[in-house]
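Keep the structure open while you read, and look up each residue as it comes along.

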Amino acid sequence: MFIMEAINALLHRVSCGKLTEPAPSLAAREAIFSAALRAADHGNLRPWRFLVIEGAARASLGKVFSAAALADDSDLNEAQLERYQKMPTRAPLLVVAIAQTSQHPKVPQIEQVVAAGAAVQNMLNAAFALGVGAYWRTGPMAYHPSVMKDLGLVEGESVVGFLYLGSPEGKLKPLPELAVADYFEAWPV
Ligand SMILES: Cc1cc2nc3c(=O)[nH]c(=O)nc-3n(C[C@H](O)[C@H](O)[C@H](O)COP(=O)(O)O)c2cc1C
């Protein structure tokens, strides 16, 4: 397994939309999933849980998506429904990242969602460092009540992302050119 220097991986990470077989190895998964658990986490609440979906289970998720879309719009045609059905097959492995928020005297719920988001970012970074392609998606399906129900979410839980993981297909996209000075300034000005 090739492990890039940490800072190099952080500075060069890009998402990878085209993902193919094979799915990440068990060792790579263990590292990627463990990275999630090292996210900054106010109060050490571990306000997250993750569903791992692969193989035929992706078609089941596709059914959940197409049923949700059809419930919203009964006029959807076959091709449109098939698009929803096929969404989860965009990668060999999906991780549904779920924020589990609860009332806490010191940790507002938004911080708990942020921690779950940080867990996803940690997985993106770990995946990149390991040469595993990854893409964080949400979209209407992440917030659809029937999708949430079918995935087993309960009160206080929300989907912070569908993390698609697989082998990068083709070249990675170029990095955007962003200047630190455009986003960071000394204060007071
Ligand atoms: C919470 C969240 C949700 C996202 N949802 C989507 C999505 O549904 N579809 C999409 O194309 N990109 C989505 N993105 C953006 C991509 O994951 C990716 O970050 C973006 O295309 C920029 O590419 P880069 O990560 O290589 O800079 C989302 C990002 C975040 C943080």
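N44 counts as exposed because it has 8 C-beta neighbours inside 10 Å. The cut-offs go like this: a residue is buried if 20 or more other C-beta atoms lie within 10 Å of its own, exposed if 12 or fewer, and partly exposed in between, with C-beta atoms placed from the backbone. You'll find N44 in the loop between helix 2 and strand 2. Its phi is near 50°, a positive value in a residue other than glycine.

R46 lies in the loop between helix 2 and strand 2 too. R46 isn't a glycine either, but its phi is positive, about 50°. With 14 other C-beta atoms within 10 Å, R46 is partly exposed.

A word on where this comes from: this is a predicted model, where local features need pLDDT of at least 70, side-chain atom pairs count only at pLDDT 80 or more, and totals for chains, interfaces and linings use all residues. Residues are numbered from 1 along each chain as its sequence is written.

## The overall layout

The protein chain has seven helices and five strands. These are DSSP runs numbered from the N terminus: helices are H or I with at least four residues, and strands are E with at least two. Walk along the sequence and you get the pattern α-β-α-β-α-α-β-α-β-α-α-β.

How big is the C-alpha trace of the protein chain along its principal axes? It spans about 55 × 45 × 35 Å. A compact globule of 189 residues would have a radius of gyration near 16 Å, and the protein chain has 18 Å, which agrees. (That radius is taken over C-alpha atoms, and the globule rule is 2.2 Å times the number of residues to the power 0.38.) Of the 189 residues, 29% are buried.

Now for contacts, meaning pairs of residues whose C-beta atoms, placed from the backbone, lie within 7 Å. Among the contacts with a separation of 6 or more, 83% are between residues 24 or more positions apart.

## The cores

A nonpolar core is a set of buried Ala, Val, Leu, Ile, Met, Phe, Trp, Tyr and Cys residues joined through C-beta atoms within 7 Å. The largest one here has 33 residues, and A97, M123, A127, A134, L163, Y164 and L165 touch the most other members. Helix 2 (26-36), strand 3 (93-100), helix 5 (109-129), strand 4 (133-137) and strand 5 (157-168) each put in at least two residues. Which element supplies the largest share of this core? That's helix 5, with 10 residues. Apart from this core lies another, of eight residues, among them L61, F65, Y84 and V147.

Take a look at Y164: leaving out residues up to four places away in sequence, Y164 touches L19, R90, A91, L94, A134, Y135 and R137. Over in helix 3 (residues 57-72) sits V64. V64 is buried, with 21 other C-beta atoms within 10 Å. Beyond its neighbours within four places in sequence, V64 is in contact with V147 and D150. V64 and S146 are 82 residues apart in sequence, but 7.9 Å apart in space, C-alpha to C-alpha.

## The two sides of helix 2

Which residues of helix 2 are buried? R29, I32 and A36 are. Seen down the helix axis, the buried residues fall within an arc of 70°, so they line one face of helix 2. (The arc is that of the directions from the helix axis to the C-beta atoms.) They pack against strand 2 (48-54) and helix 5. The face turned away from the buried side carries the exposed residues A27, E30 and S34.

## Around the ligand

The residues around the ligand are V14, S15, Y135, W136, R137, T138, G139 and G161. Strand 4 gives the most to this shell, with three residues. By class, the shell has three nonpolar, four polar and one charged residues. (Ala, Val, Leu, Ile, Met, Phe, Trp, Tyr, Cys and Pro count as nonpolar, Asp, Glu, Lys and Arg as charged, and the others, Gly among them, as polar.)

## Cis bonds

The peptide bond from E21 to P22 is cis, with omega near 0°. E21 lies in the loop between strand 1 (19-20) and helix 2, and with 10 C-beta neighbours inside 10 Å, E21 counts as exposed. The bond from W187 to P188 is cis as well, with omega near 0°, and P188 is in the segment after strand 5.

Technical notes. Two residues are in contact if their C-beta atoms, placed from the backbone, lie within 7 Å. A residue is near a molecule or strand if its C-beta atom, placed from the backbone, lies within 6 Å of it.
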